[in-house]
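Please keep the sequence and the coordinates in view while reading.

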Amino acid sequence: MRVLFLVSGVYPHYMGGVSTWADQLVRGLPEHDFHIVSVVSNPHVEVRYPLLPNVKGLTTVPLWGTERPEEYLPGSFPRTIVRVGGTSAAAIRRDFLPAFETFFREAARGAPRPAVLGEALYAMHVFLRDHDFLATVRSHALWDSYRALLAEDPLLSTLDLYEAVNLLRTLVRYLRILLVRPPKADLAHAAIASVAGIVGVIAHLEHGTPNLLTEHGIYIRERLLDLLNQPLSAPAKVFWQNFHASLARLNYHYAERVVPVCSFNSRWENRFGVPSEKVQVVYNGVDGAKFRPMDVPSSGGGRTVVAVIRVDRLKDTMNLIQAMGYVQRARPDARCLIFGPASDPDYARMCVRERTRLGLESSVEFRGFTREPEVAYNLGDVVVMSSVSEGFPFALLEGMASAKAIVATDVGGVAEALGDSGLLVPPRQPRALGEAILRLFADPGLREALGSRARERVLSRYNIDGFVSAYRGLYAEFGRAA
Amino acid sequence: MAVDPLALDAIARTASDVEPRPKSRLEAAVILEAIGYKDEDARGHAFADLFDLADAVKEASRPYAWDEPVIEAPRRRDRGATLYLVGTFYNIGWMIMLIALFMGGQSLWAASNMPVGVSTAIGLGVVLGLASTGGVQQFAAWKLIYYRSQGNTPLARYVMRRSLLWGSVGLVIVAVLAGILEVAAIGLPAPLAALSVGFLLLIGAYRLAMTPVFALKKFVALILASAVALGAMFAGFRLLAWAGVDRVGSVVASQVLGLGVLLALSIVFTRAFVFAERRDAGRPDDPPFYAAREMPTNVRPPRFWALAYEGLPYLVYGTMYFVFLFGDRLVSWLAPGLGPLALNYNSSYQIGVDLALLLLVPITVVKFPVIYRLAEYLEVSSKGADAIRPGTFAEAVARFHTALLVRVLTASAVIGVLAYLAADWIVPFAGGDAQSVAIFRWAILGVFLFAVFLANAVFAMAFRRIRAMAVLLIVAAILNYGLGVLLAMTYGSGAIVWGFLLSATFLGVASFVHVRRLGRDADYAYFAAF
């Protein structure tokens, strides 16, 4: 079966939990051929995972970092010259703007009619096959149309010119995805309900390709969290909230089956009108042979907390640092090792400052990215996850498979994964997190019991074989070759 | 079980600490989840689930809503004095000529007391060195700025490396062709052709190497390089003269020394600013575990034609700038009596127009602080204008353009009048004769109009309207050459300056009309400049 695999910001260009999932999937289904469409922020990213023999194609779509899309996306000089010549204001007005206006209205309202949004995107894609992208999106006709669209919206009409310009410039960056002409495939499998899924929608409308959608975190939920920290005015924030909601609705609408990685996520999908019978949970799986209890030399004498997390707002690293402040008061010999890179330098600096403020320089160590997470987990007496948002995190499953006692915030699918094999605390409550860590420090019997239970739970429920066979079944059920 | 309004109010108050104005039920739901609420908690407060609670919280948080200010990163403000100083050194090529003419009795153009053959050789080298690299310099500078603004430093570095490589290859090809042409067609003796080629290579290489320093506005480096190069040139000249080296030898050697220092420092600075970076522009206090923006060593090369297509107007503009500027001078060197392609450096003409061209230095000094703040001004003005009624933005753009032109015109008029009145003293001091004085006076007017074009061009380029400026330069260059030949044949070489004056008039007027038109549609122009 030919699978169009649609990803964004993950495999094969970036490391991380979703990338691990994607690698396991492609590796586990050698009988299927994959064509990967990878949406990346910048074209300078490198392929981090070796492309397996069943990966027959890779289309990298940089949304930022280029001027002319043809710098990387398919195109030839003569064709571009012909396209530029044919992209007249009249053609834009006649064949592009009606679709753009429908798209914008739907996007600004959260896509109450996802099928209409899909048709509009497809019409724009068809236009851009024969017309020049830059000449279209920089055209006076588009700007006039956009201003008229703003004027008809009571909220967006209050935007100042600076924000309006930036909004449209950003929007047309997202529209670069329309330049991808999907190859014929038997199934389009999107790993996120974002712009990457638009390629699946186009494949469906062009070739009748059925769509499958896997959701790890909930895309719209994570975008909403992200937007909370963006320096935008309220009308611009509302637009982007609705835009991302419209992408989610679009993906849900065209998917034959929506596959969250935990039941918790399906609540959000249901809220977006996905019927329960269309939702099927498939849990992530980890390699129990790789992640296992092992003896590793420990450098410190006291009790150790390990967290394998990015230094990131969503992971709420600050929560963990502040929790260690409480822990230190009771157990001065306690230390905390944080393994993971930082994606936001400002937030990383805040974390370092907080560590200094609390006098934890010698007890909280930022160790950066590790290539040996299986060793990292075994350096700790307790493994902690302090996030404010999670899907069904690999870092948690890996810690469990390493037979470690876990303390985790009760977000996303964490409770579902952990069951009764670890301690749950509310998010953003460092005192509660610190007290749970101290409780485990003080009770070796409890640590051991929870660790054994956790490993047993992972081996029985969250193994790679089960996860791969679930997708084999989904591909067989919904793929066109079936 | 009924909803407890006080409990709901407490939840809303807490939620508004995270987001002062929840704008939708979904945003409120995300906030509630982030502060630890779950479906069970919602049910405990008599709601069906978290989303229903979120609905109620969104409404209940209205009294706590406040307009959250959009927090922007602090700006670095350059002081006016610094900008004037930078403006002084921005046209370093002209600066060297100015100071050299008046203090050393020498210049890149070998203004006076030099054999005609040497002057012709150096002059040709300078013209071809500037013209053959001007386009690459504009192109590379634009790409460097664009890709860095897109967070794509690796590609910026890649394009800069390739531009320097291919720019150098082009420079060498031009040098070889120029050498052959100078010997075979123009009739220069081989040693003078070699001298010409040497200047061509030095000037061209310096221009290429200096590209990132100009593009990234590394002002301290710019001033330092200029000051050290000028110091080396004058010190070298005095030392050689004191050691008894003849004038030709000391002039040529000290110029080569000055340009060599400039080239060496440019290479050092370019390495430091562009190629020594291993990370994106970070800060010294970035934590060591912050490695996400570590730059890859391998860059996937973009398609060359796609780069070239977008960069073509920059290549044309940068090249035609010098092709236009030197048009009348080259025409003045034509020596039909010595052969169809023979060139003889016309000292009288050259001193007149070059001295006038040096007026660009004080004009640049005056306009630089204004132009430097254009991008910031556009941002502030656009924030004060409604998107759907952007009339105030168009007015602000027009005001800025008017203020810029008034400043340029005032500076030009004052400096021009002073220069006109002092012509009888200035021109002979630099080695000119009576014809040079007359040419100087006409050329002042031409430079005055060329300064208007330059101000308009910078303004237009802030809106990415470089294509129009490139077209204007092509037309102006044709006018400058065509009218120059026609006038020289009709009225003699002294009249060539009228060709420069008329073509500069065309540039000044046409660019003014273009920018005024652009200003009428300023909101669209502002949007489309990406």
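Chain A contributes 62 residues to the contact and chain B contributes 59 residues, two residues being in contact if their C-beta atoms, placed from the backbone, lie within 7 Å. On the side of chain A that touches chain B, at least two residues each come from α2 (77–86), α6 (140–151), α7 (161–174), α9 (219–228), α10 (234–254), α13 (345–357) and β9 (364–368) of chain A. Helices (H or I, at least four residues) and strands (E, at least two) are DSSP runs numbered from the N terminus. The largest share of this side, 6 residues, is supplied by α7(A). By class, the side of chain A that touches chain B holds 34 nonpolar, 12 polar and 16 charged residues; Ala, Val, Leu, Ile, Met, Phe, Trp, Tyr, Cys and Pro count as nonpolar, Asp, Glu, Lys and Arg as charged, and the others, Gly among them, as polar.

The model is predicted: local features need pLDDT of at least 70, side-chain atom pairs count only at pLDDT 80 or more, and totals for chains, interfaces and linings use all residues. Residues are numbered from 1 along each chain as its sequence is written, while chains are lettered from A and ligands numbered from 1 in the order in which they are written.

Chain A as a whole comprises 19 helices and 12 strands. Its radius of gyration is 24 Å, close to the 23 Å given by the globule rule for 482 residues, so chain A is as compact as a globular protein of that length. The radius is taken over C-alpha atoms, and the rule is 2.2 Å times the number of residues to the power 0.38. Of the 482 residues of chain A, 54% count as buried, that is, 20 or more other C-beta atoms lie within 10 Å of their own; residues with 12 or fewer are exposed, and those in between partly exposed.

Within chain A, 6 strands form an open sheet with parallel pairing, in the order β3-β2-β1-β4-β5-β6; two strands pair if DSSP finds at least two bridges between them. At the edges stand β3 (55–62) and β6 (255–260) of chain A, each with a single partner strand, so one side of each is left without a neighbour in the sheet. Inside this order, β4 (residues 187–190) and β5 (residues 211–215) of chain A pair in the parallel sense over 3 bridges, and A:Ala188 has A:Asn211 of β5(A) as its bridge partner.

Helix α10(A) lies across β4, β5 and β6 of chain A and runs at about 115° to β6(A). Axes are lines fitted to C-alpha atoms, for helices over the stretch in contact, and angles run from 0 to 180 degrees between N-to-C directions. The axes of α3 (residues 89–108) of chain A and α10(A) come within 7 Å and cross at roughly 105°. The contact joins A:Glu106, A:Ala107 and A:Ala108 of α3(A) to A:Phe239, A:Asn242, A:Phe243 and A:Ser246 of α10(A).

Two buried sites complete the picture. In helix α15 (residues 394–401) of chain A, 8 of the 8 residues are buried, so this helix is largely enclosed by the rest of the structure. Just after α15(A), A:Ala403 takes a positive phi of about 60°. A:Leu360 is found in the loop between α13 and β9 of chain A, and it counts as buried because it has 20 C-beta neighbours inside 10 Å. A:Leu360 touches A:Ile321, A:Met324, A:Gly325, A:Gln328 and A:Arg355, not counting residues up to four places away in sequence.
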